Amino acid sequence: MFSLIATAYAAEEVGIHVALKPYIVGHVFGIPLTATLITTWITMFLLIVGTFFLSRKPTLIPTKIQSIAEMVVGGVYDYMSDVLESRTLARKYFPIVITIFIFVLALNWIGLLPGVTAIGLNHDGHFTPLLYPAATDLNITIAFALIAFVTIEVAGVVAIGAFKYAGKFINFHSPLAFIIGIIELISELARLISFSFRLFGNIFAGKTLLVVIMFFVPYIAPVPLYGFELFVGFIQAFVFAVLTLFFIKVAVAEPH
Amino acid sequence: MDEIINAFGIDARLIIIQVVNFGILMVALGYFLYKPILRILKEREEKITQGLQDAEAAAQAKAEAGEEKQTILTNAHMEAGEVAKRAKTAADATAAEIVAAAQTKAGAVLSDAELKREQIKAAALKESEKEIATLAVLAAEKVLREKA
């Protein structure tokens, strides 16, 4: 719907261009190369290079940057140990949960940098940005949702066994238990959608809001919104990671 | 369904690429961030525990050393007093001995001197008697010569 209106505006070469689809910059081996994918790669590059130089060889007496890294990594690890009530479980799922947090946070915040959405290619009178906030692409949020979903299900199966875990959803103890199980199953599957659309919706809405306000009032007015979007970017990363953690906790619990 | 997929530009290949991206990032951050930071946190925790234990041990050792010092000092004081007492007793005994010896010696010297004096006196008497006799004889001779 939105993309139709946007296309109509784009044809007039004025107005606000907002599309639900990711911008396709080109094709590599037939695979579309999207602006969001390029942004993701740049984010990954920055994270890997940054950690390579800053935290690969930590010292016993920490530098300032190391202190921040320690606060994040140590904080998440301790929090996970508390929630899961087990160091071994925390150790097992720690890399996935913290990578979700750091990756989503970095993608959201890098998406707010000036230049993202503004740097792009102009051809045939059409402007295609090279960089675009990654979470405005449903492909990327679906990938995160799939990772979280698979992690949660695998955690459940590993912790209590495939048969017992399946018994949480399909059991014939009583008609009521059967119905509850089916509802559980549906809500389990619905997480795929809620995970991906929550992140997508929040960041997409924020981006759209910024584009709209910058079209009408380009100076000063976007500043508080930028501040708010920084906050939203953090909260969404936090929520994504914490929900993954809580669902892992629910999945590893013995059925009763 | 197709409409939704089309509207959002969903492409399974892009999703797979993103999952792979996530995997790469997770491994890289594992090597450069999680592992080293968790290791250093553990190391620091161990070091602090070790330090606290060491400090406790040192405090205990210090207390023990203080107690030992006190005992040693008390002992030394007592011993020193005893030594001084013994030395004094010994010195007193020696002094008494020396005084006694000196008295004996002095007595001996005195009696010796008395004896000598008696002898000298006796000798002197004898001598003077002889002299007096001689003088008497001489005087008698003189008188006799005048008379004659």
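In chain A, α7 (175–216) and α8 (222–252) each supply at least two residues to the lining of the largest cavity. The model is a predicted one. Of the elements involved, α7(A) contributes the most, with four residues. The volume of this largest cavity is about 80 Å³. Its lining consists of A:Asn108, A:Gly111, A:Leu112, A:Pro133, A:Ile203, A:Gly206, A:Lys207, A:Leu210, A:Glu229 and A:Gly233. By class, four of these lining residues are nonpolar, four are polar and two are charged.

The count of cavities of 30 Å³ or more comes to two. The second largest cavity holds about 40 Å³ of space. It is lined by A:Val18, A:Ala19, A:Tyr132, A:Thr136, A:Phe204, A:Lys207, A:Thr208 and A:Val211. Five residues of this second lining are nonpolar, two are polar and one is charged.

An unreviewed UniProt entry lists "transmembrane region" for residues 29–54, 93–120, 140–163, 199–221 and 228–248 of chain A. Two of these segments were examined in the model. Residues 93–120 of chain A are 64% helix and 4% strand. The end C-alpha atoms of that segment lie 38 Å apart. Residues 199–221 of chain A are 78% helix and 0% strand. Here the end C-alpha atoms are 25 Å apart.

Technical notes:
Residues numbered from 1 in each chain as written. Chains lettered and ligands numbered in written order. Predicted model: local features only at pLDDT ≥ 70, side-chain atom pairs only at ≥ 80, totals over all residues. Heavy atoms only, no water. 1 Å grid on protein atoms, 1.4 Å probe; cavity = no way out; pocket = protein on both sides within 12 Å on 5 of 7 lines; lining within 4 Å. Points joined across faces, edges and corners; volume = space filled by probe spheres on them. Nonpolar A, V, L, I, M, F, W, Y, C, P; charged D, E, K, R; others polar. UniProt positions renumbered as here; feature names shortened; annotations may be inferred.
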